[in-house]
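Visitor: Please take me through one part of this structure up close. I am new to it.

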Amino acid sequence: MRPNAARLVSSRTASVFLAVLFLFPFAGCNNTSQPSPDVWATVNGTSIKRDEVDKYYRTRVSPEGQEPSQEESLSLKLNILDELINNEILLERAKKLNLVASDGEVEDKFTEMKSPYTEDEFQRQLKDRGITVDDLKSDLRRQQSITKLMNREVVAKISISDQDVAEFYNSNKAQFNVAEPQYRIAQIVITPRKEPVIRNRKNDDATNEAEVSRKVKMLMDRLNSGADFAQLAMDYSEDMNSAATGGDLGYVPVSSLNQSDPTLKRTVLGLKAGEVSQPIVLKDGVRILKLVAREAPGQRGITDPQVQQTIRDTLRNRKEQLLKAAYLATVRDEAKITNYLARQVIEAAGKLPDAAKTTFPAKQGTPQN
């Protein structure tokens, strides 16, 4: 039986911990003998141990839901281990190029992560995930170091020429023909229920009406003080589909608005471009909307600034993903990797009940299994 969606949960902390999420085939194994059982892989002589994989596994799987099968558990652990192998390779490269994040950079990021929580709430979140402050700071340093490496080795080398833009436009002209009025909308969603999956950067989730009221007031106070809507959406919106993009829903045609809640439609039609709405109370929670732009129907020309930006963003994202994949493949080729867990899975034909098991920390008032 497959686990339900509430069981396999990707948390914000996990995205912080595993910043470079490229999954590639395992590198060729060498013929060295199996080390101690708790070592699941080595990268250029550096060990990656079982407890590290289990730590990240706990951030991906909720202990409240249905337990994953042995095969699903091992598959997820193999993926996590491969990500940790990639991160170790990239971190070693960052060290060689003197791009390791400084103590000050790590402390700034740590402070930013703690800011939405009281000290008790923050410590409880760490305890629930079975990690320490030192674990978190270590992973923040890794994340920031890899980001600096990728910015220097990949992002800085990307350029989009006018010819690239023209070729894309000519090949996708129909994409820029607006058939009816459209409204580019961003949203922040707050609900009074516990969400099975939270994708915002603060891992913030209101679970009752009182928490919704406090959260809405906090958000409106910050918006009225000039805070960036997209940043607040990424930090606090409880909509798993749009939080990561700053609440951006893209362009919504007027025909779709006609099928939405009448209150939402009236609100959108009454906003000016760049304006943020008052909180809208709906059956499923509260929404705060921003009208990013309003589009009249017709063909958009290549000189339109929005068309230019859309094309350049699209081409840049494509090139960035391609170059990151190629860069990682290159540095993996230069590394000496042994994946002992993968060997064990093959040798045991997938039957590794001990390796598939992970112990979750007991929550307050809950006995440990």
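Guide: Start at Val165, which is buried, with a relative accessible area of 1%. Buried means under 20% relative accessible area, exposed over 50%, and partly exposed in between, using a 1.4 Å probe and protein chains only. This is a predicted model: local features need pLDDT of at least 70, side-chain atom pairs count only at pLDDT 80 or more, and totals for chains, interfaces and linings use all residues. Residues are numbered from 1 along each chain as its sequence is written, and side-chain values use heavy atoms, with hydrogens and water left out.

Val165 sits in helix H7, residues 162–171. Helices (H or I, at least four residues) and strands (E, at least two) are DSSP runs, numbered from the N terminus.

Now look around Val165. Leaving out residues up to four places away in sequence, Val165 touches Ile160, Ile302, Gln308, Ile311, Arg312 and Leu315. Contact here means heavy atoms within 4.5 Å. Val307 is 142 residues from Val165 in sequence, yet their C-alpha atoms are 9.4 Å apart in space.

Next, the wider setting. The largest nonpolar core has 35 residues. Such a core is a set of buried Ala, Val, Leu, Ile, Met, Phe, Trp, Tyr and Cys residues joined through side-chain atoms within 4.5 Å. Leu81, Ile85, Leu90 and Leu341 touch the most other members. Elements giving two or more residues include strand E1 (39–43), helix H6 (133–153) and helix H12 (305–334). H3 gives the most, with ten residues. Another core, of 15 residues, lies apart, with Ile188 and Val286 among them.

Finally, H6. Its buried residues include Leu136, Asp139, Arg142 and Glu153.
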